[in-house]
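Take a walk through this model, one region at a time.

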Amino acid sequence: MTFFSFIIPVYNRPDELSELLESICNLQGTDFEVIVVEDGSTNLSEDICLKFRHQLSIQYIFQTNLGPGLARNKGAQSAAGDWLIFLDSDTILPTNYLSNLKKELETCDFDCFGGPDKAHQSFNAVQKAIGYSMTNILTTGGIRGGDEKMDKFYPRSYNLGVKKTVFLQLGGFSEMRFGEDLDFSMRLLENGYKTRLLKDVFLFHKRRNNFVSFFKQVFNSGIARINLGIRHPQTIKLVHWFPAFFVVGHFFIAVLSILYPILLILLSLAPIILFFDSLLYNKSLKISFLTVVASFVQIFGYGLGFLKAFILRKILKKREFHSFKKNFYK
């Protein structure tokens, strides 16, 4: 029988962790364990884990703040599972998550898998809008785990499973604070291992609760894309440049519209398309308006981070970096 180890790094999110653990309790079967790694939090989750000790085989590990990748490595050191399943603490598993995974593992022609994420009906309007912007092909190009067509599939750590033997052979996640999951997936593929998108092994992902924290996240994602491109030179594709082109193009159109106001029509096209596409999907005017905001925050945040990193790292030859070190979680 295959045994699974759910590994969950957490940083100051005990309430969301509680929701995730509650959803894991509703999974069928007992062939799994849960390992929670507290990454230097000040708002601890130990009491939350203790609450579930009679329902789950659960370990709680505390470490000083080293980042999510190294927290996952810490959990993996204590894992007994044949498969390590890494989850973000702000996710919720549907009841059929594990049963769907077991069906896929009957063929097991892959070494690492990733699954899509969706917005749960209980999420607030901002979370649903952000969820749309992070998963829709109009804003991400279909490269975030819902589709494999535009690039090789790189599983992401909010919903990533890997054979323990493969994980140990690769040395786990790197010390990168952002993009460490893509770095892992890239190293995995470079070493000849296989990845697979399992569309039925999805989960619900809360992401951020406000647009300020969302901007910081995607800004660092843009920076990470350049950092990853330097570590793995063959991985940057044209699609990764689209947000940067979007930012630069909108800037020039906005400037030219001072002389030629008719160009303002061009600036209205993207918001209109995003609004009505979201309306068809979410069936909510409020979420559709927020979707426009979330999508522009995402595209501009990522694009600006990408451009900053391109200038600093590719042109000025600076070292690897990320932004908002002191106030990322504020």
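At 65% relative accessibility, Lys283 counts as exposed (buried is under 20% relative accessible area, exposed over 50%, partly exposed in between, with a 1.4 Å probe and protein chains only). The model is predicted: local features need pLDDT of at least 70, side-chain atom pairs count only at pLDDT 80 or more, and totals for chains, interfaces and linings use all residues. Residues are numbered from 1 along each chain as its sequence is written, and side-chain values use heavy atoms, with hydrogens and water left out.

Lys283 sits in the loop between helix 11 (264-282) and helix 12. Helices here are DSSP runs of H or I with at least four residues, strands are runs of E with at least two, and both are numbered from the N terminus. Phi of Lys283 is near 55°, a positive value in a residue other than glycine. Most residues other than glycine have a negative phi. Lys317, in the segment after helix 12, also has a positive phi, near 60°. Lys317 is exposed, with a relative accessible area of 65%.

Now look at helix 12 itself. Two packed helices are described by the angle between their axes and the distance between the axes. The axes of helix 9 (residues 211-231) and helix 12 (residues 285-315) come within 7 Å and cross at roughly 35°. Axes are lines fitted to C-alpha atoms over the stretch in contact, and angles run from 0 to 180 degrees between N-to-C directions. The crossing is right-handed, meaning that the near helix is turned clockwise from the far one by less than a right angle. This contact of helix 9 with helix 12 has 17 nonpolar, 6 polar and 4 charged residues.

Helix 9 has another partner. Helix 5 (residues 125-135) packs against helix 9 at about 20°, with the axes 11 Å apart. The two are therefore roughly parallel (angles under 35 degrees). Val126, Ile130, Ser133 and Met134 in helix 5 meet Phe211, Phe214 and Val218 in helix 9, where contact means heavy atoms within 4.5 Å. By class, that contact has 6 nonpolar, 1 polar and no charged residues.

Finally, turn to Asp31, in the loop between helix 1 (14-25) and strand 2 (32-39). Asp31 counts as buried, at 8% relative accessibility. Its side chain makes a polar contact with the side chain of Lys102, at 2.9 Å (a pair of N or O atoms within 3.5 Å, one able to donate a hydrogen and the other to accept it).

Key. Nonpolar A, V, L, I, M, F, W, Y, C, P; charged D, E, K, R; others polar. Parallel < 35°, antiparallel > 145°, perpendicular 65-115°, else oblique.
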